[in-house]
Amino acid sequence: MFTKHETFLTMKFADLHCHPHMRAYMWLKANIQKYEQEGIYHPWTIVASNMNRWKNAQRATGYAQGDMVKLWNGKVRLVFNSIYPFERGFFISPSKISSGGSRILKNVARVALKDGFPIRNWFQGIFMRLPLNTIANVRSKNYDYWKELQEEYNFIIKDSGKEKKNEIILPGTPRRIFENRERKRVKHPDHAHAEGIYIIPKTTEELQTCLDDETEPITMILTVEGAHVFDPENTNIEEIIQRIRYVKTEWEYPLFFITLAHHFNNFICGHAMSFPDIAKYAMSQDDAMNEGFTEIGWAAVRELLSLTADNEINPEASYRILIDMKHMSALSRLEYYNEIIRPCYDKGDVIPVVLSHAGYSGVSTLQEMIDRYPIEGDFNLSKTDYGTFYANNINFCDEDVQIVAQTGGLIGLCFDRRILGMNKKAEEEQTGLGVLWANLKGMLQAICTQENTTLTDWQKAWSYFSIGSDFDGYIDPVSEFKTTLNFEDFARELLKKIKEEIAAKDSAECIRCFDDTFTPELAVEAIVYQNAENFVRKHYPNKNT
């Protein structure tokens with residue numbers, strides 16, 4: 001598999017942000033009674049991939065990027081599984097057209113895709129490959145984020161610790177007529193067949209045991225994407241606090257971190273623009289986009305972190321749930337650092353900052369990102385010595401990365417081509433490995449080029465990065481690494497790239513740091529697995545503390 005010069009000590013992978021159950025869960029939940037009776041309503045059931053879409057590496061709506069089968073067969077043994085009840089904003093026509101683009105065309109689209117018109121459900125069912133009754137459920141007035149959170153959590157935990165053989169479903173009548181599930185197992189075993197086990201640790205002791213297990217089960221860590229799950233729009237501060245405490249005390253398995261913001265207004269904090277420009281014709285992110293924290297938001301985030309209003313440890317708030325910065329607006333991030341991270345750091349309470357599925361903006365400071373709000377869009381690019389980067393504030397700047405390093409946090413490298421800056425207006429020729437390396441190198445250099453850094457600091461900079469693919473979050477992946485089955489290819493190609501830059505005597509500090517004690521092989525192993533393991537070993541909560 002590797003030459004003697006490209007041998008890794010281990011060959012397993014970790015993913016800081018992914019949704020391995022979500023694609024199948026949406027289909028199973030649409031007909032829950034049927035699938036429960038058949039005994040296949042569980043996370044090891046997968047939706048059979050459309051292999052033509054997989055071959056063409058299109059947006060992951062017709063094929064799975066990281067379901068349980070691909071995780072197992074791709075040797076992904078540490079999984080941060082993100083629970084995500086769909087936001088209604090995906091399926092509700094905006095009351096007013098969003099900013100930017102052609103107002104005439106957006107008005108036409110808003111009318112054509114109006115709520116209640118069959119064309120909207122049909123359009124989104126085709127585009128997102130979701131059953132129509134699932135879409136109707138999310139759009140309904142009875143849709144309850146808090147209830148959905150509990151149901152999705154219960155679905156994920158139900159098979160923890162059980163050895164299972166996966167099941168396969170074929171959505172849609174044509175596929176059930178013309179395709180055969182068992183034949184898919186034989187023809188595409190990496191995509192369609194696995195017998196494995198995942199374990200969600202209840203305690204730090206169970207975590208250590210699972211990670212040390214020589215049989216290498218999947219260690220699954222629970223995370224949540226979006227504080228809309230507490231339904232701040234329809235509840236008061238007291239109820240939100242009670243819901244956070246319910247998760248901490250009543251859930252059998254701990255929640256490790258929460259991605260506070262997501263695509264739409266959650267009444268907690270401002271979100272960054274996350275959709276490409278064309279999406280503005282069907283939905284609007286304008287409400288609260290690029291804004292800061294709300295009063296409810298500050299109360300919620302302190303409760304999650306087990307802090308009082310004065311940023312002291314709150315012994316009544318149980319364990320600490322870490323906060324993931326992804327999707328937060330630049331203003332919200334700046335406020336969070338200034339109001340909580342920096343004051344707590346000065347007191348000796350170091351709260352690690354997480355950027356779970358990140359891209360690099362090529363921008364220096366958060367204030368600069370805020371100043372660039374008016375020019376954000378598909379072609380808002382930043383050119384540096386390391387490449388061309390997507391400069392919208394959905395991505396992270398040097399200031400973000402430096403705070404991660406200061407607090408001993410972790411950054412997951414996203415595999416979404418747009419987030420990575422693949423763009424037809426980029427001046428240089430771009431490849432999947434090229435943009436992944438450029439993003440990684442840019443962020444490494446943000447740490448290494450700070451004043452008074454040493455060789456030890458340059459080497460340590462590599463310890464703050466991992467994979468954070470966002471697979472099965474409906475992303476458009478780089479074509480070379482489109483599923484978890486390609487993580488091994490990524491490790492090999494990344495190692496090759498680092499060695500090429502060493503041979504070319506690249507002057508960047510993150511390249512000059514290698515020596516006999518810190519080799520490129522060790523750096524790649526750290527990024528694809530070891531850093532994530534070290535981080536979770538250090539910060540995984542005990543529910544009783």
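A disulfide is a pair of cysteine sulfur atoms within 2.5 Å, and a search of the whole structure for such pairs finds 0. The structure is a predicted model, in which local features need pLDDT of at least 70, side-chain atom pairs count only at pLDDT 80 or more, and totals for chains, interfaces and linings use all residues. Residues are numbered from 1 along each chain as its sequence is written, and side-chain values use heavy atoms, with hydrogens and water left out.

Begin by selecting Cys-18, which is buried at a relative accessible area of 1%, where buried means under 20% relative accessible area, exposed means over 50% and partly exposed lies in between, computed with a 1.4 Å probe on protein chains only. Then select Cys-414, which also counts as buried, at 1% relative accessibility.

**Helix 1**

Next, select helix 1, residues 22–30; helices here are DSSP runs of H or I with at least four residues, strands are DSSP runs of E with at least two, and both are numbered from the N terminus. The buried residues of this helix are Met-22, Arg-23, Ala-24, Tyr-25, Met-26 and Leu-28. They pack against several elements, including helix 2 (32–37), helix 7 (132–139), helix 8 (145–157) and strand 5 (167–169).

**Salt bridges**

A salt bridge is a side-chain nitrogen of Lys or Arg within 4 Å of a carboxyl oxygen of Asp or Glu, and by this rule the count comes to 24. Select Lys-75 and Glu-216, whose side chains meet in a salt bridge with an N to O distance of 2.8 Å. This pair links distant parts of the chain, since Lys-75 is in the loop between helix 4 (68–73) and strand 3 (76–83), whereas Glu-216 is in the loop between helix 12 (204–212) and strand 8 (218–225), 141 residues apart. Lys-75 counts as partly exposed at 30% relative accessibility, and Glu-216 is partly exposed as well, with a relative accessible area of 23%.

Glu-239 counts as partly exposed at 34% relative accessibility, while Arg-243 is buried, with a relative accessible area of 12%.

For another pair, select Asp-349 and Arg-320, which form a salt bridge with their closest N and O atoms 3.0 Å apart. Here too distant parts of the chain are linked, with Asp-349 in the loop between helix 15 (330–347) and strand 11 (354–358), and Arg-320 in the loop between helix 14 (295–304) and strand 10 (322–324), 29 residues apart. Asp-349 is buried, at a relative accessible area of 17%.

Select Thr-259 in strand 9, a residue that is buried with a relative accessible area of 0%. Its C-alpha is 7.8 Å from that of Thr-223, although Thr-259 and Thr-223 are 36 residues apart in sequence. Contact means heavy atoms within 4.5 Å, and, not counting residues up to four places away in sequence, Thr-259 touches residues including His-17, Val-224, Asp-324 and Ser-356.

Continue to Ser-274, in the loop between strand 9 (255–259) and helix 14; this residue counts as buried at 5% relative accessibility. A polar contact of 2.6 Å joins the side chains of Ser-274 and His-263, the term meaning a pair of N or O atoms within 3.5 Å, where within protein one must be able to donate a hydrogen and the other to accept it, and residues adjacent in sequence count only if both atoms are side-chain atoms.

**Nonpolar cores**

A nonpolar core is a set of buried Ala, Val, Leu, Ile, Met, Phe, Trp, Tyr and Cys residues joined through side-chain atoms within 4.5 Å. Select Leu-260, Tyr-336 and Trp-462, which touch the most other members among the 165 residues of the largest such core. Helix 18 (residues 432–448) gives the most to this core, with 11 residues. Apart from it lies another core, of 5 residues, among them Ala-272, Tyr-390, Ile-394 and Ile-419.

**A hairpin to finish**

Finally, select strand 12 (residues 381–384) and strand 13 (residues 387–390), which run antiparallel and are joined by 4 bridges; two strands pair if DSSP finds at least two bridges between them. The two strands form a hairpin with 2 residues between them, and the bridge partner of Lys-383 in strand 13 is Thr-388.
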